[in-house]
Amino acid sequence: MSKSLRIGFVLLAIALLVSGAWIGLAWAPPDREMGHVQRIMYMHVPAAWMALLAATMNFGTCVSYLWKASWKKDAFAEATAEVGLLFGTIAILLGAIWGRPTWGVYWAWDPRLTTMAILLVAYAGYLALRRFVDDPDRRAVWSAVVGIIIAVDVPVVYFSVKWWKSLHQVQSTPKTVDPQMVIALRWNAFAFLAVLIVFLVARYRIAFASRMRETTVPDAPVAVRQAVVS
Amino acid sequence: MRRPGLWASTWVLFRKDLLLEWRSRARVNALLFFSLATLLLFSFALGPDTALLRRNAGGYLWLALLLASVLALGESFRVERENATLEGLRLVPVNARAIFLAKAVANAVLLAGLGVLLVPVLVALLDVRIILPWTQLLTLIVLGCLAIAAPGTLYGAIASHARARDVLLPLLLFPILIPALVAAAKGTALVFEGDPMGQFSSWLALLTSFDLIYWGLGVLLFPRVVEE
């Protein structure tokens, strides 16, 4: 991505976020039963969607890396895991803030909540593995293996917790809610998508640069490697 | 020279792993007393409420096994790493899948043996009664230990070559094992408390599908983990 395109995307993301906040906070009507608290959904739902989107991209990249290795794929896998962890954390925190006035509790042992929490801990482990392995080749292969295992685990976790206990409300469909709410949610979903792309691109560039630094002069001291890159 | 097939080399390696455990019995003993200590700790942490302890006994059994499994897996790869024996085996050359199968089965056997030894302790210590047939409990222990062993062996091989491996292995392994933990602990609780609703078979099915998925993934991915 060229520099002007990157700056354009940052500006687009900011514009969408600001206008989305106005739409969600002021323009859309308050919910009949939940009142203004429901407005958290305009952030919570897009954040959860983006976390799952990032996790899906991570899975795809991991499979593709094991198929045919490249440093670009490894850097992108690192970016998706880290940004996905960020969006998942936002989704869970906002959900807890929403859950307290609505359900009466911050946390419930519901399949979706529990699956998301396990997913976040698993990706934290994935990122820890990346920090703890120094050899870039091994790190790439091993984290790809771990990424695949995490992604395969998600449906199993969801299913097992569903048997275990359930509380999360059924998703509303566009047919059952006010059209203004649908617009507010969709607008914010696109805003979050723009933020996701901005973060992914930025994180990918950093990851790829550090891969290049590691592989070009692998045994040199850090200071020398930095001098080579800059 | 004819190279031995997958099953032949798996069998040889499996016997090698168990023989190693047998010759250094101190390790197995330490593992056993470690799990006994965990069981005691759970009881002390929860207080002297006998009814509560009995109701939670299934969960304690699996938590004790899970904690012990991290130590057992770490040990089994520490021995290999210190003598660079995995690299040696790969040079023979032995099929990497045979290494995975042998190691995972050996770990599962070790853990299942530990689980079987812990049941009488639960009966004595927490006044647990085994209401369903004991064969069902045995099936559960075997399937549950297989469920720990497959991803555990895969992750053990990875973590053994990383820094901070003692922290890394449980951090990677525990989140993945939650479905198996839920199914095994619930199933064990049903064995101890009775199963009026007939739910036992569905937990067994969940555990079996977990086993199939992770043994499949292990066989598929392990060669990539140990390649040079």
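The following legends describe close-up views of a predicted model. Residues are numbered from 1 along each chain as its sequence is written, and chains are lettered from A, and ligands numbered from 1, in the order in which they are written. In this predicted model, local features need pLDDT of at least 70 and side-chain atom pairs count only at pLDDT 80 or more, while totals for chains, interfaces and linings use all residues.

**View 1. Chain A as a helical chain.** Chain A contains 7 helices and 0 strands; helices (H or I, at least four residues) and strands (E, at least two) are DSSP runs, numbered from the N terminus. Along the sequence the pattern reads α-α-α-α-α-α-α. Of the 230 residues in chain A, 37% are buried, a term for residues with 20 or more other C-beta atoms within 10 Å of their own, the C-beta atoms being placed from the backbone.

**View 2. Helices H3 and H5 of chain A.** The axes of H3(A) (residues 71–103) and H5(A) (residues 136–164) come within 10 Å and cross at roughly 45°. Axes are lines fitted to C-alpha atoms, for helices over the stretch in contact, and angles run from 0 to 180 degrees between N-to-C directions. H3(A) is therefore oblique to H5(A); angles under 35 degrees count as roughly parallel, over 145 as roughly antiparallel, 65 to 115 as roughly perpendicular and the rest as oblique. H3(A) contributes A:Asp74, A:Ala77 and A:Ala81 to the contact, and H5(A) contributes A:Ala140, A:Ser143, A:Ala144 and A:Gly147. Two residues are in contact if their C-beta atoms, placed from the backbone, lie within 7 Å. By class, these residues are 4 nonpolar, 2 polar and 1 charged. Ala, Val, Leu, Ile, Met, Phe, Trp, Tyr, Cys and Pro count as nonpolar, Asp, Glu, Lys and Arg as charged, and the others, Gly among them, as polar.

**View 3. Helices H7 and H9 of chain B.** The axes of H7(B) (residues 134–159) and H9(B) (residues 200–226) cross at roughly 25° and come within 9 Å. The two helices are therefore roughly parallel to each other. Their contact comprises 19 nonpolar, 6 polar and 1 charged residues.

**View 4. The contact between chains A and B.** Chain B and chain A each give 22 residues to this contact. On the side of chain B, H7, H8 (165–193) and H9 each supply at least two residues. H8(B) provides the largest share, 9 residues. This side of chain B has 19 nonpolar, 1 polar and 2 charged residues.

**View 5. B:Ala51 in helix H3 of chain B.** B:Ala51 lies in H3(B) (residues 50–55). B:Ala51 counts as exposed because 8 C-beta neighbours lie inside 10 Å, the cut-off for exposed being 12 or fewer.
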